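Please look over the model below before reading my comments.

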Amino acid sequence: QKQKRIISNFKMVDAAVLQKLEDGFAKLQASDSKSLLKKYLTKEVFDELKNKKTSFGSTLLDCVQSGFENHDSGVGIYAPDAEAYSLFAPLFDPIIEDYHKGFKKTDKHPAKNFGDVSTFGNVDPNNEFVVSTRVRCGRSLEGYAFNPCLTEANYKEMEQKVSSTLTGLEGELKGKYYPLTGMDKATQQQLIDDHFLFKEGDRFLQAANACRYWPSGRGIYIMMIRLLSRVQ
């Protein structure tokens, strides 16, 4: 029912966006791109999706503009909001299945089983093998689009919500939030030296409008025990 609601409530795409879609599609088809976008964005799929828009205002152009601009992309598509996966499913589903080697839209993520983590010890007591480790966790906030369609006001609202929650943590999770906006050079350099500070995205993300308003609304939270949580 939710998918039907999303599909039935879309608004028509304006003429300027349609023209960009038509131009970008023609150039992609004429290129020697090996991207999954070119492979699965057939004329039939293109015509089916080009006039659709999610409730966040995201269009097919928001999904494919990075792949249109960067013909050397391996994939070439970004979801601008959660609804896009359903509304533009004729494009997203086969790309996801291909990229993940057969993970179909009817498949489910396997249940997690990390075993008894309390039994983990020092896996490299003699410092012979492990140079560094990193655990990355990405999350989105309900009620907001994803990076390609976020406004600067959205970024600031999300930063306020996340940072206020993080700065309220106590115990071993207690730490300090550093907004990138207005950060002094000394602090910035120290975070870079500590390999904590992240930078603006690459040309693929930039073409998808995923780095707009940088560094507004971005920051870094560091716990006292030097564990890291990022706001991106």
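This is a predicted model: local features need pLDDT of at least 70, side-chain atom pairs count only at pLDDT 80 or more; totals for chains, interfaces and linings use all residues.

1. Residues are numbered from 1 along each chain as its sequence is written, and side-chain values use heavy atoms, with hydrogens and water left out.

2. The chain is assigned domain 1 (15-100) and domain 2 (150-229); such bounds come from an automatic or database domain assignment. The C-alpha centres of domain 1 and domain 2 are 30 Å apart.

3. Between domain 1 and domain 2, about 610 Å² is buried, with carbon and sulfur atoms giving 47%. Buried area is the accessible area (1.4 Å probe) that two parts lose on being put together, summed over both. On the domain 1 side, Gln65, Asn70 and Tyr78 lose the most area to domain 2, together 59% of what that side buries.

4. In contacts (heavy atoms within 4.5 Å), 7 residues of domain 1 meet 6 residues of domain 2. The count of salt bridges between domain 1 and domain 2 is 1; the term needs a side-chain nitrogen of Lys or Arg within 4 Å of a carboxyl oxygen of Asp or Glu.

5. Phenylalanine 120 sits in the loop between helix 7 (89-99) and helix 8 (152-166). Helices (H or I, at least four residues) and strands (E, at least two) are DSSP runs, numbered from the N terminus. Phenylalanine 120 counts as exposed because its relative accessibility is 60%, where exposed means over 50%, buried under 20% and partly exposed in between (1.4 Å probe, protein chains only).

6. Glycine 171, in the loop between helix 8 and strand 1 (175-179), is also exposed, at 54% relative accessible area.
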